[in-house]
Amino acid sequence: MTDTPAPQSPHYILEHTFGYTGFRGDQQAIIDTLVAGEDALVLMPTGGGKSLCYQIPALARSGCGIVISPLIALMQDQVEALRAAGVSAAFLNSSLDFRTAQEIEEQLLRGDLELLYLAPERLLQPRTLDLLMQAPISLFAIDEAHCVSQWGHDFRADYLQLSCLHQRFPDVPRVALTATADQRTRQEIAQRLDLGEARHFISSFDRPNIQYRIAPKNNPKHQLLQFLTTEQQGHAGVIYCLSRNKVESTALWLQQQGFNALPYHAGLSAEVRAEHQRRFLREEGVVMVATIAFGMGIDKPDVRFVAHLDLPKSIEAYYQETGRAGRDGEPATALLLYGLEDVVKLSQMAATSEGSDEHKRQERQRLDAMLGLCEITSCRRRALLRYFNEELGADCGNCDTCLEPPATWDASEASRKLMSCIYRTGQRFGAAHVIDVLRGGDTEKIRQFNHNQLSTYGIGTDFSSNEWRAVVRQLVVRGYLRVNTEAFNALQLTEQCRPVLRGEESLQLRTLPKAPAKSAKGGGESRSRTPVEIVDADLPLWDALRALRKTLAEERGVPPYVVFHDATLREMLTARPRNESEMLAISGIGDSKLARFGAPFLDLLRGFDGETA
Ligand code: ADP
Ligand code: ZN
């Protein structure tokens, strides 16, 4: 590429408006398809760069690009970010007063708008559709297109009616975008949005910058605290819990530990939720403790970690939730802690959920796949991607099993003891009681059922209760045992146990990591990798750059990343630009951002140059 690209060509817009040097992955092909007036269906992981896929063609074509997005609360930030890049963008939703809405409508009719964000319910109002019929429209972008799927928890009835766009605006290209990877959702999108002719663009779903770690719950609070203090000090992140109560208590506890933590769940009022979401986006280093009600459409680029304190109910859900970390491509961590109680609780939920037997069976299968992922001893990323029908050529080197291959032990004899004990107690008791019997406990229940008379009473004193629970959990996950959710979560043997009991099959299980309290004394190595490594000498400048960004963001009432992303600031730190053209060479700085923010940053950098010289 020797020539400068023609003005208003996609490449020119990429460089001058967005400040980037090259397209990523399928971006160019998607943009070309839309610019040529054809439809597209785009599957790209979170952080893959979906926004540019419709923003650039909207700017390159004449007329206004209409972006349909389900979350009113987030439109403002998206529009602010575009305006900072010099794009004429707006949103129409119920939060605007009449006058403002009217002005935007007039701008649209005059052809002065380049991008307009709308919620589907607004778009579908006859009044809005009439308005759009009179205005020049460059394209329709249907974001979060998986909302058409009745299976997912993001289903929006309004999305189903978006197929009317095809009939109403036959000549306007449409693009549907989602980060949901599974085949069924993809087919539903194509069918329900009437995108039969659309070209499909399916990216790799790998997120190499996310480190996946899955650990058994040992002392979850301690494990979480250890993780936050040694690895995530001052970073923004999301902690997912299953219940509202647990969200509340965890947020409170983290606040007491000095973290800037906030709760988020559907039981809080709309105002509180909006306020917490706003603080998460605007402030730096907020830890959001949330149920799955939080997350869709939150395109905060610098979420450094996502932690799950409860097991997600499927790999799809896990992948979508962890995908909210590290959109900016910088290192991020996904930590999942899970235990036997999760396995039991989710089995119960799957069994008692509403819906047909077929639906329950599918939920159960999804849960089993999730549990399988937790217990594997090989590369997590390969297993994850394989679940989405993607084959990785080699182990990833950036998941817990790659970094620290799990130790296993021959658990054949222990498993036999456990199985016999379940059998002898009549397959009628839950894990806690069976373990008490194995460990020769003296409980009311044991006396009541005379279980101290059994041959298996007290044959398992060589393991702690925790170790036994790990054995139970792994045998359930591997299908040797099942939890009967219709009978007090009683443990029962399956056919698979026979060869083990007969001594024909040996069982290798994961070794339980030592309890954190013990290993702390042993002086175990603490992982203190800060994802964003800044050398000490650069810290004063780094802090000054961030402080300046914060001031500029506050003056404009926008989140700091709307001014510049972390990666852009970091490049400034290393490149130390001294004039405007050096500034423009930095990724994330286009013409408009240079005009707006260039001077104060150049001043700051010059000041530091003088000091260190
Ligand atoms: P998605 O919507 O797919 O989750 P975004 O559109 O928010 O992802 O993009 C993720 C991040 O990647 C954003 O910070 C965006 O500015 C950046 N990005 C996207 N495309 C490019 C590119 N071609 N070059 C550099 N950065 C890019
Ligand atoms: Zn790996």
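1. Contact here means heavy atoms within 4.5 Å. The structure is a predicted model. Leaving aside neighbours within four places in sequence, K217 is in contact with Q223, K246, L309, D310, L337, Y338, G339, E341 and D342.

2. K217 sits in a loop, with β8 (210–216) on one side and α11 (220–231) on the other. Is K217 buried or exposed? Its relative accessible area is 13%, so K217 is buried, the cut-off being under 20%.

3. The side chain of K217 makes a polar contact with that of D342, at 3.0 Å.

4. A separate point concerns the metal. Which residues coordinate the zinc ion (ligand 2)? The SG atoms of C379, C396, C399 and C402 do, at 2.3 to 2.4 Å. The site is tetrahedral, with angles of 102 to 119° among the four donor atoms. For four tetrahedral donors the ideal angle is 109.5 degrees.

5. The donor residues follow the spacing C-x16-C-x2-C-x2-C in sequence. C379 and C402 link distant parts of the chain, 23 residues apart. C379 belongs to the loop between α16 (357–375) and α17 (380–387), while C402 belongs to helix α18 (residues 400–403).

6. These two cysteines fall into separate accessibility classes. C379 has 3% relative accessibility and therefore counts as buried. C402, with a relative accessible area of 21%, is partly exposed.

Conventions
Residues are numbered from 1 along each chain as its sequence is written. Chains are lettered from A and ligands numbered from 1 in the order in which they are written. This is a predicted model: local features need pLDDT of at least 70, side-chain atom pairs count only at pLDDT 80 or more; totals for chains, interfaces and linings use all residues. Side-chain values use heavy atoms; hydrogens and water are left out. Helices (H or I, at least four residues) and strands (E, at least two) are DSSP runs, numbered from the N terminus. Buried means under 20% relative accessible area, exposed over 50%, partly exposed in between (1.4 Å probe, protein chains only). A polar contact is a pair of N or O atoms within 3.5 Å; within protein, one must be able to donate a hydrogen and the other to accept it, and residues adjacent in sequence count only if both atoms are side-chain atoms. Donors are N, O and S atoms within 2.8 Å of the metal (3.2 Å for Na, K and Ca); water is not among the atoms, so sites may look incomplete. Four donors count as tetrahedral if all angles lie between 85 and 135 degrees; four count as square planar and six as octahedral if opposite donors are over 155 degrees apart and all others between 65 and 115; anything else is irregular.
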